[in-house]
Amino acid sequence: MRTDRLVAVLLLLQRREQVTAAEVARELEVSERTARRDLDALAMAGVPVYSMQGRGGGWRLVGGARTDLSGLTASEARALFLVAGQASAATPTVKAALRKLVHALPEPFREQAEAAASSLVTDPQRWGSSRFERRPPRFLDELQDAVIRGVQVRLGYVDRDGAETERTVHPLGIVAKGPSWYLVSHTEAGRRTFRIDRVSSADPTDDPVHRPEGFDLAESWREIADEVDRKRTPLEIQAVCAPSGIGLLRTLLGARLEVAGATTDGRIGVVIRGDNEYALACELAGLVEWLEVTGPTGVRDHLASIGGALVERYG
């Protein structure tokens, strides 16, 4: 962690020309004593830094050096701060250190580095299934670069029926969902989501992206995912469940379960989503010890039929 701090101090010196130990301590959330030790460590390591005493004093680089002492290129800075974003597998401590570093980057790098940290969301759950290893699609790098640089893209796209179209989109972010990657974009028709493995061409333009005010990629993806889940499971049933069975329902049904609240008899009202009445009845038949379906009638009829068949075979 000290190496991260020393790099941060060095970049602060480059950015501000002069800093005090108090400013370093405040920026990196350490004590002033630690900040002074870090500044001394830079000087002992041969970095051309010196201190000025008295009123208006502080620490400076020799000759007011303004070169990029970090050695980072713009693309390297963007790559570094992808590690600080929501999709990263880095520990919270590492992410926190990198977010501190971004405030000390030279001005030309800072905006794109900050964009990189929020350009990608990872949703590990596959649609309707479990975790799955992802393989990056062909145009992922080009599209993520367009998101970070904030430029529009002429996008070639093949839909699920095999029809190919071309359009200009405003890339807002990228989401990894199970094994699939998605581009969230603003278009003339509003917000649209494209599967990146169906992208046939991606040509960045020099035109800036029109980003909706207050746009947040993670929040936007939650809305998209909820909408997709509801389309995949359009049927809703009502039921009541014994309190001891709620944990099991959550485990089995995940986001398809909504808890409505306690009823007068001490059970808990729930709403369960599914694809069709018979499939839901089959899925819930084994939960009869905890769950009573109250509607619709079709699901109850299927449950009764399944129960009769079980009694006939095993009674």
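In what order do the four strands of the open sheet lie? The order is 11-12-10-13, and the pairing is antiparallel. Strands here are DSSP E runs of at least two residues, helices are H or I runs of at least four, and both are numbered from the N terminus; two strands count as paired if DSSP finds at least two bridges between them. The model is a predicted one, with local features needing pLDDT of at least 70, side-chain atom pairs counted only at pLDDT 80 or more, and totals for chains, interfaces and linings using all residues. Residues are numbered from 1 along each chain as its sequence is written, and side-chain values use heavy atoms, leaving out hydrogens and water.

At the edges sit strand 11 (257–262) and strand 13 (291–295), each pairing on one side only. Strand 10 (residues 235–241) and strand 12 (residues 268–274) run antiparallel and are joined by seven bridges; valine 240, for instance, has glycine 269 in strand 12 as its bridge partner.

Helix 9 (residues 246–253) lies across strands 10, 11, 12 and 13, at about 160° to strand 11. Such angles run from 0 to 180 degrees between N-to-C directions of lines fitted to C-alpha atoms, for helices over the stretch in contact, and contact means heavy atoms within 4.5 Å. Leucine 249 touches Cys241, Gly254, Leu257, Leu287 and Leu291, leaving aside residues up to four places away in sequence.

Leu249 also turns up in the largest nonpolar core, which has 19 residues. Such a core is a set of buried (under 20% relative accessible area, 1.4 Å probe, protein chains only) Ala, Val, Leu, Ile, Met, Phe, Trp, Tyr and Cys residues joined through side-chain atoms within 4.5 Å. Strand 10 gives this core its largest share, four residues.

Notes:
Buried means under 20% relative accessible area, exposed over 50%, partly exposed in between (1.4 Å probe, protein chains only).
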